[in-house]
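Visitor: I would like to go through this structure with you. May we have it on screen?

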Amino acid sequence: DKTLAIKHVGQFDVSSTAEERCFGGADRVRALTEMFEAIQSAGAEIHICTRNSIHVVQKSLGPRCQRGWGPNQGGIGLLSSVKSIVGRENMSWDMPKSRAIHGQIARGTANNRILFVDDDANNTNEVQTNIPGCEVLHVKGKGMTLEDMAFVKNWVVGAAAESLRVQSTDKEIN
């Protein structure tokens, strides 16, 4: 909601027009797809932590709409890239997102290997405070901009390079 999508998405928003109405059109969806591909190519994982319903996320990121060819799915085709979704079904409204991240998503992941992206400054501040060393990106306005997406891609590539550098150093020590 206003991070990947450009608006808060509800169950009745996901239809044949979701790409335009909820995600900003074909060009923006292409940019999101390229960002997801870059994240995966770097060996990183994509997890979604939302106060929305898991069902709405699955449907909106699920199979693209193919009107006339079975059910109207209305998604944008990115669900297969998502490792996990933590939604309102398994995260109470008052649970801090940092607790969901450490408890359900990134158990055992070093804090400096986590990038948290959110449209709510309260959430980014809370995560930054409670997961020291975690990188955060506050998305302002109507969803991630091209600059936000470039930041994510650059951060992931840099984190992957650092991980390889650390692994190489560890092998030299042994």
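Visitor: Which exposed residues does the face of H2 turned away from its buried side carry?
Guide: That face carries Asp 27 and Ser 41. Exposed means over 50% relative accessible area, buried under 20%, and partly exposed in between (1.4 Å probe, protein chains only). Helices (H or I, at least four residues) and strands (E, at least two) are DSSP runs, numbered from the N terminus. This is a predicted model, in which local features need pLDDT of at least 70 and side-chain atom pairs count only at pLDDT 80 or more, while totals for chains, interfaces and linings use all residues. Residues are numbered from 1 along each chain as its sequence is written, and side-chain values use heavy atoms, with hydrogens and water left out.

Visitor: And which residues are buried in H2?
Guide: Arg 28, Val 29, Ala 31, Leu 32, Met 35, Phe 36 and Ile 39 are buried. They lie on the same side of H2, because they cover an arc of only 155 degrees around the axis, the arc being that of the directions from the helix axis to the C-beta atoms.

Visitor: What does Leu 32 touch?
Guide: Leaving aside residues up to four places away in sequence, Leu 32 touches Leu 4, Phe 23, Ile 76, Leu 78 and Met 149; contact means heavy atoms within 4.5 Å.

Visitor: How many residues has the largest nonpolar core?
Guide: That core has 32 residues, and Leu 32 and Met 35 are among those with the most contacts inside it. H2 gives the most to this core, with six residues. A nonpolar core is a set of buried Ala, Val, Leu, Ile, Met, Phe, Trp, Tyr and Cys residues joined through side-chain atoms within 4.5 Å.

Visitor: Turning to charges, how many salt bridges are there?
Guide: The count comes to three, a salt bridge being a side-chain nitrogen of Lys or Arg within 4 Å of a carboxyl oxygen of Asp or Glu. Arg 30 pairs with Asp 27, with the closest N and O atoms 2.3 Å apart. Both lie in helix H2, three residues apart, about one turn of the helix.

Visitor: Which residue does Glu 45 pair with?
Guide: Glu 45 forms a salt bridge with Lys 83, at 3.8 Å between the closest N and O atoms. Glu 45 is in the loop between H2 and S1 and Lys 83 in strand S2, so the pair ties together parts 38 residues apart in sequence.

Visitor: Are Asp 118 and Lys 97 buried or exposed?
Guide: Asp 118 and Lys 97 are both buried, and their side chains meet in a salt bridge (2.9 Å, N to O).
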